[in-house]
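Subject: Structure for you to look through, with notes

Dear colleague,

Please find below the structure that I promised to pass on, followed by my notes on it.

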4 protein chains.
Amino acid sequence: MRHDALVSRETKKDDTIVDIKGIKVGGNNIVIIAGPCAIEDKEQYLETAVTLKRLGAHMLRGGAFKPRTSPYTFQGLAEEGLKIIAEAKELTEMPVVTEVLDTRDVELIARYCDVIQVGSRNMQNFVLLKEVGRSSLPVLLKRGLSATIEEWLMAAEYIMAEGNHNVILCERGIRTFETYTRNTLDISAIPAVKHLSHLPVIVDPSHAAGRWGMVGPLSRSAVAAGADGLLIEVHPEPELALCDGGQSLTPENFAKLMKEVRAVAAAVDRTCDKEEKVSCQNKINMVR
Amino acid sequence: MRHDALVSRETKKDDTIVDIKGIKVGGNNIVIIAGPCAIEDKEQYLETAVTLKRLGAHMLRGGAFKPRTSPYTFQGLAEEGLKIIAEAKELTEMPVVTEVLDTRDVELIARYCDVIQVGSRNMQNFVLLKEVGRSSLPVLLKRGLSATIEEWLMAAEYIMAEGNHNVILCERGIRTFETYTRNTLDISAIPAVKHLSHLPVIVDPSHAAGRWGMVGPLSRSAVAAGADGLLIEVHPEPELALCDGGQSLTPENFAKLMKEVRAVAAAVDRTCDKEEKVSCQNKINMVR
Amino acid sequence: MRHDALVSRETKKDDTIVDIKGIKVGGNNIVIIAGPCAIEDKEQYLETAVTLKRLGAHMLRGGAFKPRTSPYTFQGLAEEGLKIIAEAKELTEMPVVTEVLDTRDVELIARYCDVIQVGSRNMQNFVLLKEVGRSSLPVLLKRGLSATIEEWLMAAEYIMAEGNHNVILCERGIRTFETYTRNTLDISAIPAVKHLSHLPVIVDPSHAAGRWGMVGPLSRSAVAAGADGLLIEVHPEPELALCDGGQSLTPENFAKLMKEVRAVAAAVDRTCDKEEKVSCQNKINMVR
Amino acid sequence: MRHDALVSRETKKDDTIVDIKGIKVGGNNIVIIAGPCAIEDKEQYLETAVTLKRLGAHMLRGGAFKPRTSPYTFQGLAEEGLKIIAEAKELTEMPVVTEVLDTRDVELIARYCDVIQVGSRNMQNFVLLKEVGRSSLPVLLKRGLSATIEEWLMAAEYIMAEGNHNVILCERGIRTFETYTRNTLDISAIPAVKHLSHLPVIVDPSHAAGRWGMVGPLSRSAVAAGADGLLIEVHPEPELALCDGGQSLTPENFAKLMKEVRAVAAAVDRTCDKEEKVSCQNKINMVR
């Protein structure tokens with residue numbers, strides 16, 4: 001990596017903190033982004049959103065455009081889905097993140113959402129990286145399935161080189177020979193990124209594991225390793241989910257996870273405060 | 001894989017032959033596509049094109065839009081490059097193939113080129129797959145760095161599902177632990193694809209090896225394993241190339257390669273005839 | 001995996017606790033095994049051993065027979081090394097673990113040591129597995145570089161099938177495409193093994209990372225994910241080590257690590273008590 | 001790799017030819033080693049051996065000690081199997097190769113066989129490498145499942161450093177993310193080994209593919225890439241084989257393979273002569 005890369009710790013010594021309407025990713029507080037893989041149904045999504053807020057999530061996730069291996073599986077509700085996620089945002093006052101697949105959708109998504117996600121399959125879709133680099137929205141950049149840490153940072157560099165410095169990296173498992181898990185969570189990537197770059201890094205244990213029973217242990221390990229946040233799939237009825245049900249937590253299990261994550265956060269001198277407190281502080285911030 | 005997938009051998013028993021202005025990919029003749037990684041300079045490119053035709057290549061390759069790991073390396077000449085490749089096409093009467101990175105460039109490329117390439121990094125850029133699926137141009141679909149054979153075929157399915165059935169698959173090495181080569185050429189993918197699908201499959205030994213000295217052995221092995229063609233990087237002065245010089249053959253080495261490939265093709269009851277002969281036969285075909 | 005395998009959680013519901021002279025691996029206390037990669041010098045090793053005991057390690061590690069990629073690098077002190085490790089054991093009253101490479105050395109090692117280690121390269125050396133299976137010593141079985149979790153458990157089965165049920169599994173990183181770290185620590189293997197088997201599982205972050213700066217974060221993440229212990233390389237002068245210096249902690253950094261590990265252990269309702277306490281409790285246990 | 005390594009092409013420029021009772025591995029003739037994975041039954045093995053000789057194989061393979069993932073599957077007939085393979089050798093006058101698992105069996109195997117095989121799982125069993133290095137028998141050294149080319153060559157160095165320079169390398173597929181094949185045949189390893197070392201290198205397409213239908217294409221590609229020989233599993237009734245039936249050719253398919261291999265060998269200016277001719281020449285050699 002070039003020493004003068006924008007992404008490099010050598011270029012900027014202090015940790016970058018991405019501020020999403022008051023939710024600070026990269027600071028002392030561990031940020032929890034939760035929600036179903038795909039937005040399937042308005043009522044269900046809104047209900048889940050309210051539950052997640054109550055249980056301590058800070059941000060909402062939900063896919064409106066879904067990248068699927070087969071063209072014949074559910075591809076998402078598109079703008080219809082964006083409207084639902086925007087409604088959930090209104091209702092809960094939580095910022096929302098959704099994935100972009102098409103350069104031509106960046107503006108549309110910016111109208112409804114607060115963070116734009118570039119998924120694993122598009123990590124080296126350089127045209128898309130440049131396009132979100134010209135957006136004013138913070139970008140959640142997932143690591144590609146077989147991307148080295150350096151390639152991942154260079155993908156972030158594409159975004160930053162266009163002027164958008166609000167990049168959040170997200171480790172979500174890499175492809176290896178092991179098939180027991182869907183992918184292999186590369187926990188070492190957390191300290192590696194922290195060493196090489198100033199950007200915040202979060203972890204998606206749901207996609208890495210592909211098994212809901214592992215989301216708890218992997219979330220705890222991510223926080224212990226220094227992750228700045230977690231991206232967790234939660235679905236009220238995982239067995240009925242149109243997408244990735246097997247790796248989704250029920251709200252009950254999510255509540256248990258939050259408790260565990262807070263304990264580990266405290267052990268590494270960090271917090272994972274409830275949304276209420278953060279909101280409070282936001283109001284204070286807004287008053288200043 | 002669904003038994004009724006368009007890509008499946010069960011759906012269509014006979015081999016698909018993609019006809020590119022008379023050059024038939026998937027038939028008995030092994031098709032050689034050659035050229036430099038990137039179009040850098042008009043005179044140099046035209047000269048190389050003429051040399052390649054003389055040495056027996058059937059089609060020309062050349063990148064105008066280059067996907068590069070770092071945003072600070074040469075990104076290609078864009079439309080300027082397309083104009084040069086089109087001029088080479090005029091001059092040599094060889095069809096030309098170039099890579100598309102942006103959905104918004106599909107029409108532009110179609111104006112200048114005969115085959116549109118979707119590169120490894122975009123193999124699961126489903127929006128781009130759908131866009132080229134709506135194009136009338138044949139598509140050269142490279143396998144993703146860590147894509148399974150099934151995911152690769154499903155990527156082809158995205159293109160075919162939009163109505164474009166002229167898809168040529170291209171194996172170009174997968175990412176493994178071995179670092180001696182740039183990637184690991186998955187030679188087994190050739191018989192696997194031939195078994196599972198009716199689509200033609202070619203091999204890019206240059207990107208797989210990352211070392212020009214291996215291009216010969218890998219090309220011979222690809223033809224022996226049943227590949228329908230080869231995609232070979234050739235540069236008049238590899239040591240001065242702006243991109244991938246280390247894996248480029250000189251014209252002299254390309255001439256040697258052609259001889260070797262023809263011998264192996266004959267051993268597996270196929271041909272790798274000179275462009276002249278093919279043209280001849282094309283004219284005959286056109287008369288019929 | 002066969003449901004009736006000895007290694008299977010279905011065969012034995014309760015966690016196996018391997019008792020090594022009072023040190024219990026697989027119980028509530030996280031067990032720390034520390035020491036240099038290879039035994040190089042008697043005085044240095046004894047001094048390091050005393051330091052490690054003072055800093056809270058429970059067991060000592062040290063290689064007398066070293067598996068090295070090249071036949072021309074330091075291969076260990078052999079029996080000379082075993083004598084030194086036995087002396088350290090006398091001095092510190094800590095149990096010791098060392099690696100076996102040769103079936104013909106099992107008895108020799110049993111004379112000096114308390115736990116016998118089968119290394120990654122020998123995980124499917126079935127003859128060696130059977131031999132240690134006939135030993136009365138507990139076995140530390142490292143996961144092979146490219147072994148699936150199932151193959152690893154089946155290797156343990158080879159040991160257990162010979163009658164030795166005191167097997168401790170050790171995750172130490174798998175081989176992937178990523179080269180920033182020496183190997184990729186498969187943190188998911190911890191919950192996977194806990195789910196599939198009743199055997200205790202520990203983690204070797206030193207060999208996984210290959211970089212001492214990552215040993216802390218990886219150790220914390222291992223404990224958070226549910227590991228029963230850690231295997232840590234410590235060397236008084238890492239830069240002078242004959243083997244694996246780059247991944248060795250100094251005693252100062254080991255002291256820091258112990259503090260961090262205790263905090264995370266507490267967060268997951270476990271302990272990582274100092275050796276003194278454990279010894280104390282052992283004496284009490286022995287009195288009962 | 002050290003420039004002065006015994007294995008290095010820099011140390012010895014000319015190709016090493018390993019002479020096994022007149023069968024020369026590493027010369028111009030492609031050597032075919034064939035037989036069932038495991039020796040199961042005397043009559044069946046002898047009959048298969050005679051068939052293989054008739055069909056043009058040069059050497060026989062057969063396992064008496066089988067390394068199996070589970071301790072509960074067929075482990076081979078041990079010395080009983082060695083006696084059968086020795087009888088086949090008498091009957092057919094073909095040299096025989098078998099795998100060693102235990103240092104203590106090297107002498108036993110030497111009494112019955114002509115080449116001793118070190119399998120993938122033992123490629124870094126350095127004690128075994130040293131032991132076969134002290135044997136007078138040629139060694140067939142398979143590449144480890146996740147061994148780099150350099151580690152593989154260093155394993156050969158262990159054998160050579162003990163005085164045994166008759167080492168034949170065998171590529172048999174590496175472990176990658178792709179699961180369609182049992183392993184991924186690293187065809188690039190052939191030219192890589194030829195470049196780095198003077199040792200002969202053969203290919204085992206049967207274990208690489210794990211599917212008999214791919215053995216033909218992979219064998220052809222191996223010969224085209226420069227391999228000095230092939231190790232092919234053949235079983236009279238693959239569906240009844242106790243081990244690896246799915247990847248075994250019937251004698252009929254083996255006959256077809258031989259024809260294909262000879263054609264490709266000729267295309268790369270090599271031969272794959274029938275055993276009879278070679279025997280003839282051997283007799284002539286013996287007269288000199």
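A salt bridge, as the term is used here, is a side-chain nitrogen of Lys or Arg within 4 Å of a carboxyl oxygen of Asp or Glu. Before using it, please note that this is a predicted model, in which local features need pLDDT of at least 70 and side-chain atom pairs count only at pLDDT 80 or more, while totals for chains, interfaces and linings use all residues. Residues are numbered from 1 along each chain as its sequence is written, chains are lettered from A and ligands numbered from 1 in the order in which they are written, and side-chain values use heavy atoms, with hydrogens and water left out.

Chain C and chain A

Across the interface of chain C and chain A, the rule finds two salt bridges. A:Arg143 forms a salt bridge with C:Glu178, and the closest N and O atoms of that pair are 2.8 Å apart. There are also six residue pairs in polar contact between chain C and chain A, both residues being at pLDDT 80 or more; a polar contact is a pair of N or O atoms within 3.5 Å, where within protein one must be able to donate a hydrogen and the other to accept it, and residues adjacent in sequence count only if both atoms are side-chain atoms.

On the side of chain C that touches chain A, helix H6 (189-196), helix H8 (215-225) and helix H9 (251-267) of chain C each supply at least two residues, and the largest share, six residues, comes from H8(C). (Helices, H or I with at least four residues, and strands, E with at least two, are DSSP runs numbered from the N terminus.) By class, this side has 20 nonpolar, nine polar and five charged residues, where Ala, Val, Leu, Ile, Met, Phe, Trp, Tyr, Cys and Pro count as nonpolar, Asp, Glu, Lys and Arg as charged, and the others, Gly among them, as polar.

In total, 34 residues of chain C are in contact with 34 residues of chain A, contact meaning heavy atoms within 4.5 Å. Chain C and chain A bury about 2,600 Å² between them, with 72% of it on carbon and sulfur atoms; buried area is the accessible area (1.4 Å probe) that two parts lose on being put together, summed over both. In chain C, the residues that lose the most area to chain A are C:Phe177, C:Glu178 and C:Tyr180, together 21% of what that side buries.

Chain C and chain D

What does the contact with chain D take from each chain? It takes 31 residues from chain C and 31 residues from chain D, and the area buried between them is about 2,800 Å², of which carbon and sulfur atoms give 51%. The count of salt bridges between chain C and chain D is four, and C:Arg175 forms a salt bridge with D:Glu151, with the closest N and O atoms 2.7 Å apart. The count of residue pairs in polar contact between chain C and chain D is 19, both residues being at pLDDT 80 or more. Helix H4 (126-133) and helix H5 (149-161) of chain C are the elements that give two or more residues to the side of chain C that touches chain D, and H5(C) gives the most, with five residues. By class, that side has 12 nonpolar, nine polar and 10 charged residues.

Chain C can be laid on chain D with an RMSD of 0.0 Å by a turn of 180° and a shift of 0.0 Å along the axis, where copies are superposed by least squares on the C-alpha atoms of residues with pLDDT of at least 70 in both. That is the relation of a two-fold axis, and in chain C the C-alpha nearest the axis is that of C:Ser146, 3.0 Å from it. Of the interface residues of chain C, 100% are also interface residues in chain D, so the copies meet through the same surface.

A helix of chain D

Seven of the eight residues of helix H4 (residues 126-133) of chain D are buried, so H4(D) is largely enclosed by the rest of the structure; buried means under 20% relative accessible area, exposed over 50%, and partly exposed in between (1.4 Å probe, protein chains only). Among the buried residues of H4(D) are D:Phe126, D:Leu129 and D:Glu131.

With best wishes
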